[in-house]
Amino acid sequence: MKKSINLVTAIAIVLLCCALTFVITWCEFDKVSPVLTGYKAENAEMEQTIARQEEKLDEVSKYFELKDIIDTYYVGEYDQQTLTDMMATGVVAGIGDKWSYYLSAEGYEEYLLSNANVYKGIGITITAEKKYNGFEIVKLAEIGPAREAGFLVGDVLIAVDGIDITGMAVDTVKNMVRGEDGTEVTITVVRNGAEMDLTAVRGTASYDIVRYELLEDNVGYVKIYNFEGNSAVKFIEAVEELKAQGAEGFVFDVRNNPGGLMDQLLLIMDYILPEGDTFIQKSVSGQTVTYTSDEVCLDMPMTVLVNQNSYSAAEFFGAIVQEYEAGPVVGMKTTGKGYYQTPIRLSDGSAIVLSVGEYFTPSGKSLAETGVTPEYEIEVDNEQFALLYYDQLDYSKDEQLIQAVHLTKTAID
């Protein structure tokens, strides 16, 4: 909807006026003062300042030119906040870095929650389902409204608040299920061929960070879903519990792991590896920091599982274990991410998650665009990949895991 001038626009106009005043005033001084003209020629810093102001003036002018055309000729209506958010999205996308992105104020709040492994909504993960033309729940939050309301993995969503959703796009359905905290959503599901309505109160949910079990021949299996908040504690607890159950070696699975927080990775590396360098970080200013582990370590056979959806901390997990020769890596070549990002909050509550530095393996190798190449590369077909993505691939059909277990068992023997 077209709106009257808002605070953001007003501030932009003031900045534009200031920039114009600066340039015009300087030009007038330049005409009447030979001394100042000579100073300008000699002072490179002042010239650079003027150039930056002129560049900013061009950028701001283009925004207002576009907006004026839209307001004058566009036949429809639009939302000013959406326009501003999309403009910011385009600015960040324009730098050409696929790891940097813009977040709206609401998106930034969700980002902060995800860093703590907490998510807004009711706590379900869905995918399109063919039989009922609905959406199957393939993952349920460990703690959340959906579990409390009685939803189960395998339930098929066919309606939300009485609206038939069969055949809709999955993102549309997700947006229908989401909503303001404290509000109710009633979802019609099909379970064992029968329809039923389940009502959940929207809020926050938290998923498992790790999953673990003791496999045959005393091989401990630990699946790490991400490296966000509290993941290191959960990982160490899982390993210690498996050791208590008799584990003599481990398979660490970081397939489809999107990474997370560097401090969580460093805690895990320190727990696993012997004394030495584990991670090198280089800031935009060129400052280099090298992180290390102490002599206490997990002195047991281990194998790491990775795939093309392992990136950031997940692929560094595999790369560091590989460089220490602590165990082999199995699966598929990883994504190849070499930058680290920092969220920078803007005045209106939105934020830019911006690449501000590089990181390297202990030997000084960057994974940017190269990733980690496993010693044992094993491809999976599309069906197996989808089942693996949703944590539904049976162990007997998971060729990558079977190979990893075999290698660990051989190292134990």
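Student: How many helices and strands does the secondary structure of the protein come to?
Tutor: Twelve helices and 19 strands. Helices (H or I, at least four residues) and strands (E, at least two) are DSSP runs, numbered from the N terminus. This is a predicted model, where local features need pLDDT of at least 70, side-chain atom pairs count only at pLDDT 80 or more, and totals for chains, interfaces and linings use all residues. Residues are numbered from 1 along each chain as its sequence is written, and side-chain values use heavy atoms, with hydrogens and water left out.

Student: What pLDDT does the protein average?
Tutor: The average is 89, and 86% of the residues score at least 70. pLDDT is the predictor's confidence in each residue, from 0 to 100. Over residues 1-5 it is below 50, and this stretch has twelve contacts beyond near neighbours in sequence. Residues 18-37 are also below 50, with 14 such contacts in the model. Contact means heavy atoms within 4.5 Å. Where pLDDT is low, the predicted coordinates should not be read in detail.

Student: What percentage of the residues count as buried?
Tutor: 40% of the 413 residues. Buried means under 20% relative accessible area, exposed over 50%, partly exposed in between (1.4 Å probe, protein chains only).

Student: And what does the accessible surface come to?
Tutor: About 21,900 Å², with 54% of that belonging to carbon and sulfur atoms. The areas come from the Shrake-Rupley method with a 1.4 Å probe; for residues, only the protein chains shown count as cover.

Student: On to H5. Which of its residues are buried?
Tutor: H5 spans residues 105-115, and its buried residues are Gly107, Tyr108, Tyr111, Ser114 and Asn115. Seen down the axis of H5, they fall within an arc of 120°, so they line one face of the helix. The arc is that of the directions from the helix axis to the C-beta atoms.

Student: What covers them?
Tutor: The cover includes strands S1 (101-103), S2 (119-121), S17 (339-345) and S18 (351-360).

Student: Which residue with positive phi follows H5?
Tutor: Asn117, with phi near 60°. Most residues other than glycine have a negative phi. Asp217 also has a positive value, near 55°. Asp217 is in the loop between strand S10 (210-214) and strand S11 (219-224).

Student: Where is Gly246 relative to Asp217?
Tutor: The two are 29 residues apart in sequence and 9.5 Å apart in space, C-alpha to C-alpha. Gly246 lies in the loop between H8 and strand S12 (249-253). Gly246 is partly exposed, at 28% relative accessible area.

Student: H8, then. At what angle do H8 and H9 pack?
Tutor: About 25°, with the axes of H8 (residues 231-244) and H9 (residues 262-272) 8 Å apart. That makes H8 roughly parallel to H9. Axes are lines fitted to C-alpha atoms, for helices over the stretch in contact, and angles run from 0 to 180 degrees between N-to-C directions. Under 35 degrees counts as roughly parallel, over 145 as roughly antiparallel, 65 to 115 as roughly perpendicular and the rest as oblique.

Student: Which residues meet there?
Tutor: From H8, Ser231, Ala232, Phe235, Ile236, Val239, Glu240 and Lys243. From H9, Gln264, Leu267, Ile268, Tyr271 and Ile272.

Student: Last one: what does Tyr132 touch?
Tutor: Leaving out residues up to four places away in sequence, Tyr132 touches Val156, Ile158, Thr166, Val190 and Gly193. Tyr132 is in the loop between strand S3 (124-128) and strand S4 (135-140), and is partly exposed at 29%.
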